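Trainee: I would like to learn how to read a model like this one, step by step. Could you take me through it?

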Amino acid sequence: MKKFLSWLALLFGLIYFFVETWYHLSYNQSCLALTADYISVFLLIFSGVVNLRSKQAFGLLCGAWGYTSCIMYRAFIWRIESQYLEAHEESIVKILVIAIIISFSAFIISFIKSIPKKR
C-alpha cells in the first residue's frame, strides 16, 4: 500500500501541475492561489519520491496528502458558496469532487499506516 500511495502521489502531482497551470493561463488565476497549488504539487512529488526510496518517510506522504485534500476541499467550498458560477467553474467542481475523494482517501489511509506500531 505504501508504494501504491507513493506512485499515486506522483501521478496526482503531475496531473495536478498540468491542470493548475492550464487553469492559471486560461482564466487568469491569481499568483497567490497558484502558489498554494504548486506547494501541494511539490509536496506530493517530493514525498512520493522520498517514500519510494526510504522505508521511514510515510509520515511525509501523509502530510502531503493531508495538505492536498485541504486545498481541494477549500477550492470546492469556495466554488459552492459562490453566488455565481461561470460555465467552466461547473466542470471544475466535478473535477474537484473526484480530487477530494482521491486525496482524502489517500490521506486517511496514509494517516492510519503512519501510526507507529507497538513492539
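Mentor: Gladly! Keep in mind that this is a predicted model. Let us begin with the overall layout.

Trainee: How many helices and how many strands does the protein chain have?

Mentor: There are four helices and zero strands in the protein chain. Read from the N terminus on, the order of elements is α-α-α-α. Taken along the principal axes, the C-alpha atoms fill a box of roughly 55 × 25 × 20 Å. Of the 119 residues, 36% count as buried.

Trainee: Which residues of H1 are buried?

Mentor: First the general idea: an α-helix has 3.6 residues a turn, so residues three or four places apart point the same way. In H1, the buried residues include Leu-5, Leu-8, Phe-12, Tyr-16, Glu-20, Tyr-23 and His-24. H3 has its own buried set, among them Phe-58, Leu-61, Trp-65, Thr-68, Met-72 and Arg-79.

Trainee: And which residues make the nonpolar surface patch?

Mentor: Leu-11, Ile-15, Val-19, Trp-22 and Tyr-27 make it, with an area of about 470 Å². Look at Tyr-27, which is placed in helix H1 (residues 2–27). Its relative accessible area is 34%, so Tyr-27 is partly exposed, because that class lies between the 20% limit for buried and the 50% limit for exposed.

Trainee: What follows H1?

Mentor: Asn-28 does, and its phi is positive, near 55 degrees. In general, most residues other than glycine have a negative phi. Asn-28 has the positive value although it is not a glycine. You will find Asn-28 in the loop between H1 and H2, and with a relative accessible area of 68% it is exposed.

Trainee: Let us turn to pockets. What is the volume of the largest pocket, and which residues lie nearest its centre?

Mentor: The volume is about 690 Å³. The lining has 27 residues, and those nearest the centre are Tyr-16, Glu-20, Met-72, Ala-75 and Leu-96. Two or more lining residues come from each of H1, helix H2 (31–53), H3 and helix H4 (87–113). H1 gives the most, with nine residues. Notice that Tyr-16 and Glu-20 are also on the buried list of H1, while Met-72 is on that of H3.

Trainee: Last topic: sequence separation against distance in space. How far apart are Asn-51 and Lys-2?

Mentor: Asn-51 and Lys-2 are 49 residues apart in sequence, yet 7.8 Å apart in space, C-alpha to C-alpha. Asn-51 is in helix H2, and at 5% relative accessibility it counts as buried.

How values were computed: Residues are numbered from 1 along each chain as its sequence is written. This is a predicted model: local features need pLDDT of at least 70, side-chain atom pairs count only at pLDDT 80 or more; totals for chains, interfaces and linings use all residues. Side-chain values use heavy atoms; hydrogens and water are left out. Patches are made of residues with over 30% relative accessible area and no salt bridge: like charges are joined within 9 Å, nonpolar side chains (Val, Leu, Ile, Met, Phe, Trp, Tyr) within 5 Å. Accessible areas come from the Shrake-Rupley method with a 1.4 Å probe; for residues, only the protein chains shown count as cover. A salt bridge is a side-chain nitrogen of Lys or Arg within 4 Å of a carboxyl oxygen of Asp or Glu. Buried means under 20% relative accessible area, exposed over 50%, partly exposed in between (1.4 Å probe, protein chains only). On a 1 Å grid over the protein atoms alone, a cavity is a set of points where a 1.4 Å probe fits but cannot get out, and a pocket is an open set with protein on both sides within 12 Å along at least five of seven lines; lining residues have an atom within 4 Å of a point. Grid points are joined across faces, edges and corners, and a volume is the space filled by probe spheres set on the points.
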